There are 2 protein chains.
Amino acid sequence: MTQSITESEVRRKGKLAKMASYIMNVKTTEEKNDALGKIADQLLMEKDAILEANQKDLENGKQNGLSDAILDRILLNEQRIQGMVESIRQLIELPDPVGEVLESFTKENGLKIEKRRVPLGVVSMIYEARPNVTVDAATLCLKTGNAVILRGSSSAKHSNIALVSCIHRALEKSALPVDAVQLIEDTSHETASELFHLKEYIDVLIPRGGKKLIDLVVREASVPVLETGAGNCHVYIDQSADYEIAEKVVINAKTQRPSVCNAAESLLIQEDWFKEHGKPLLESLQNAGVEILGDEKVCEVLPGAALATEEDYATEFLSLTISVKVVKDVDEAIDHINHYGTKHSEAIITNDEQNAEKFLNRVDATSVYVNASTRFTDGFEFGYGAEIGISTQKLHARGPMGLPALTSTKYYIRGNGQIRV
Amino acid sequence: MTQSITESEVRRKGKLAKMASYIMNVKTTEEKNDALGKIADQLLMEKDAILEANQKDLENGKQNGLSDAILDRILLNEQRIQGMVESIRQLIELPDPVGEVLESFTKENGLKIEKRRVPLGVVSMIYEARPNVTVDAATLCLKTGNAVILRGSSSAKHSNIALVSCIHRALEKSALPVDAVQLIEDTSHETASELFHLKEYIDVLIPRGGKKLIDLVVREASVPVLETGAGNCHVYIDQSADYEIAEKVVINAKTQRPSVCNAAESLLIQEDWFKEHGKPLLESLQNAGVEILGDEKVCEVLPGAALATEEDYATEFLSLTISVKVVKDVDEAIDHINHYGTKHSEAIITNDEQNAEKFLNRVDATSVYVNASTRFTDGFEFGYGAEIGISTQKLHARGPMGLPALTSTKYYIRGNGQIRV
């Protein structure tokens with residue numbers, strides 16, 4: 001238990017977070033909600049200082065030649081701060097999962113065994129650009145009795161420091177330990193890499209950002225990772241599909257918000273349906289501003305379509321581009337999706353009950369839809385009321401994650417001298 | 001989708017397992033149980049061939065100078081094969097978790113959302129010595145609708161090949177795909193390393209074996225890992241502890257089966273209790289054959305105790321050795337456990353309700369006991385009826401894992417043209 005003088009920022013803050021986590025995990029729902037309310041109030045009180053810090057990040061970003069899209073993600077304004085405050089107020093209203101008794105039984109020997117929900121301990125979030133994630137991650141972790149180590153990107157550094165200082169001032173007035181929220185200010189690659197392996201203090205690592213960041217964390221980290229992921233989502237139009245439903249769902253899934261993970265990136269069309277309805281459907285996509293990368297059959301009937309490469313079928317465009325392929329039947333569609341998809345959200349448009357069931361059962365994804373848009377895969381849409389992320393892994397949590405995803409379980413066992421024989 | 005002629009054994013079998021997993025996940029409980037019954041029958045039928053193959057492993061082991069303990073772990077005999085068969089018969093009786101509807105709701109827009117239990121897909125088990133793990137892992141995975149890739153150790157190679165051939169012959173007579181069970185025959189480090197990163201085909205990796213193997217997998221693997229772990233378990237005797245309960249529990253936790261993960265490795269004693277009862281308690285441990293590594297206070301009163309090092313407090317002895325430390329109070333005990341423990345099973349002996357609650361809430365472990373032996377942390381003792389392992393991680397499953405730990409979930413969503421607005 002000797003302490004080096006040159007202990008790194010990451011280790012020092014990791015240890016503080018771990019110690020705070022042992023205090024956090026016995027705080028009552030009332031204490032946690034009271035602290036969340038104080039954070040909301042403090043954000044409004046310190047609005048001007050936060051916007052001033054954000055202005056520095058924006059100016060640095062412009063000087064460093066960041067794109068308008070990225071600058072927009074860094075940007076805070078009164079409305080966005082109000083948005084954070086609203087999210088916190090909604091979070092306060094959600095039920096606290098901690099302490100829930102999931103199983104309870106008494107063995108023949110008199111041992112009373114209870115399985116209870118407990119906090120994870122220390123959660124570390126590694127994320128990009130958006131400073132609202134700072135407040136979001138901190139408040140979700142506090143609500144679930146966890147301590148949190150935040151590691152944002154250099155482009156939002158001043159905003160993040162201002163937001164976390166503000167959270168600290170609110171926590172000082174609350175019953176929660178100030179150390180429960182730690183910000184790693186050094187945004188070098190070294191600090192990320194240190195977090196990947198800090199098993200001693202970190203229980204779970206959650207990356208939030210683009211595919212490159214997530215892949216890096218999954219590949220490198222020895223700390224357990226909650227993977228929130230990319231979405232190369234498909235819509236498959238089956239032979240029996242209703243034209244109107246097909247058109248409406250495809251256009252919604254592709255264009256309603258193309259930059260998010262549950263937007264469709266690829267369209268598969270059964271060959272008979274394609275002969276009858278392919279051209280008008282694809283034209284209506286073009287009319288909605290969508291660029292089409294198709295296979296040979298598509299390019300034959302559709303002027304303006306470019307030939308899709310193998311690579312295109314594996315690409316999450318996150319823009320108004322879609323890859324299109326004509327397939328023989330639902331089996332080929334399922335194989336294609338299981339090969340190229342990212343196991344996020346997949347849809348079939350069909351009137352054939354048997355093909356619908358086959359698609360539901362055989363497609364390997366968090367959320368599989370019959371006759372509806374992939375855009376519904378979302379914690380709020382599902383009614384979970386808080387958006388920690390959408391897990392694309394199969395362990396722990398899969399699909400939209402509500403507050404219970406930030407908890408673990410623990411067995412509480414009470415006896416009066418029982419021994420094993 | 002080009003295929004290299006020099007494709008490795010691991011990739012080739014990984015692909016076969018993945019393809020089989022898409023067939024497995026729609027098999028009915030009856031089909032799966034029928035196949036399990038056929039495996040049990042086949043094991044009895046091929047008993048002689050299995051024992052013959054095992055004999056080769058034992059002979060090779062002797063030539064290679066393996067210890068008697070390891071040779072005993074490799075050994076199969078009629079009784080052990082009968083044990084495998086019994087386990088399979090019990091597994092058949094357990095409820096099938098696959099298909100269970102965990103949540104079901106209809107949204108205002110008419111979307112019907114169901115959250116169902118589904119198989120994980122492809123599970124890979126990396127394990128040491130014991131050939132019974134081969135049958136155990138294969139049948140647990142089949143029961144839960146998964147395909148499995150087995151990678152045992154070279155010391156049990158012939159036994160594993162014989163057992164998997166036997167399973168294959170049983171599967172040929174069943175409705176399940178033979179490819180659902182794959183054995184990696186090449187037991188070089190390279191094949192383990194390949195499995196660590198085969199995200200394309202493997203959904204979850206489960207290491208079963210010693211701490212070194214588990215640490216290696218956790219450190220190296222980019223495939224998600226279900227960590228079943230080491231147990232540096234403590235018993236803490238509080239000021240108010242009843243002497244008889246303390247003695248009975250400590251001796252049971254340490255000596256009833258010292259080689260397993262839920263055995264106690266360290267004893268903490270409150271200082272006042274120690275003054276009154278320390279010497280007789282430790283003497284009765286010595287009389288039970290236990291070697292004591294204690295702090296200075298322990299060594300003062302106990303002839304034959306050796307001085308414990310910092311390292312000793314962090315060691316899982318898995319033998320009749322225990323480290324002992326005198327502590328000021330329950331708080332020091334909790335801090336010590338959270339620092340040196342492996343978050344497995346921890347016990348307090350006390351008559352103080354408040355200290356018991358504090359210990360239950362603050363000790364960070366899968367299973368925390370009041371006045372009972374740590375030895376109860378076990379799937380069979382908890383009534384889960386199948387022992388996949390004891391998870392010491394916080395994600396997915398924590399503590400003894402029943403069949404549901406080998407499943408994931410999936411959202412089934414049915415609509416009639418719903419789009420997001």
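## Contacts between the two domains of chain A

Between domain 1 of chain A and domain 2 of chain A, the count is one salt bridge. The model is predicted. The salt bridge joins A:Arg398 to A:Asp364, and their closest N and O atoms are 2.9 Å apart. Across the interface of domain 1 of chain A and domain 2 of chain A, one residue pair is found in polar contact, with both residues at pLDDT 80 or more.

The domain assignment gives domain 1 of chain A as 9–229 + 397–414, and domain 2 of chain A as 233–377. The C-alpha centres of domain 1 of chain A and domain 2 of chain A are 36 Å apart. In terms of contacts, four residues of domain 1 of chain A meet seven residues of domain 2 of chain A.

## Area buried between the domains

The size of an interface is often given as the accessible area lost when the parts come together. For domain 1 of chain A and domain 2 of chain A, the area buried between them is about 410 Å², with 54% of it on carbon and sulfur atoms. On the side of domain 1 of chain A, the residues that lose the most area to domain 2 of chain A are A:Gly229, A:Arg398 and A:Pro400, which together make up 77% of what that side buries.

Two copies of a chain are related by a rotation about an axis and a shift along it.

A:Asn160 belongs to helix α7 of chain A, which covers residues 157–172. Its relative accessibility is 2%, so A:Asn160 counts as buried, the cut-off being under 20%.

The side chain of A:Asn160 is in polar contact with the side chain of A:Thr134, at 2.7 Å. Leaving aside residues up to four places away in sequence, A:Asn160 touches A:Tyr127, A:Pro131, A:Thr134, A:Gly152, A:Ser153 and A:Leu183.

Technical notes:
Residues numbered from 1 in each chain as written. Chains lettered and ligands numbered in written order. Predicted model: local features only at pLDDT ≥ 70, side-chain atom pairs only at ≥ 80, totals over all residues. Heavy atoms only, no water. Helix = DSSP H or I, 4+ residues; strand = E, 2+ residues; numbered from the N terminus. Buried < 20%, exposed > 50% of the residue type's maximum accessible area, 1.4 Å probe, protein only. Polar contact = N/O pair within 3.5 Å; in protein donor to acceptor, adjacent residues only side chain to side chain. Contact = heavy atoms within 4.5 Å. Domains from an automatic or database assignment. Buried area = accessible area lost by both parts, 1.4 Å probe. Salt bridge = Lys/Arg side-chain N within 4 Å of Asp/Glu carboxyl O.
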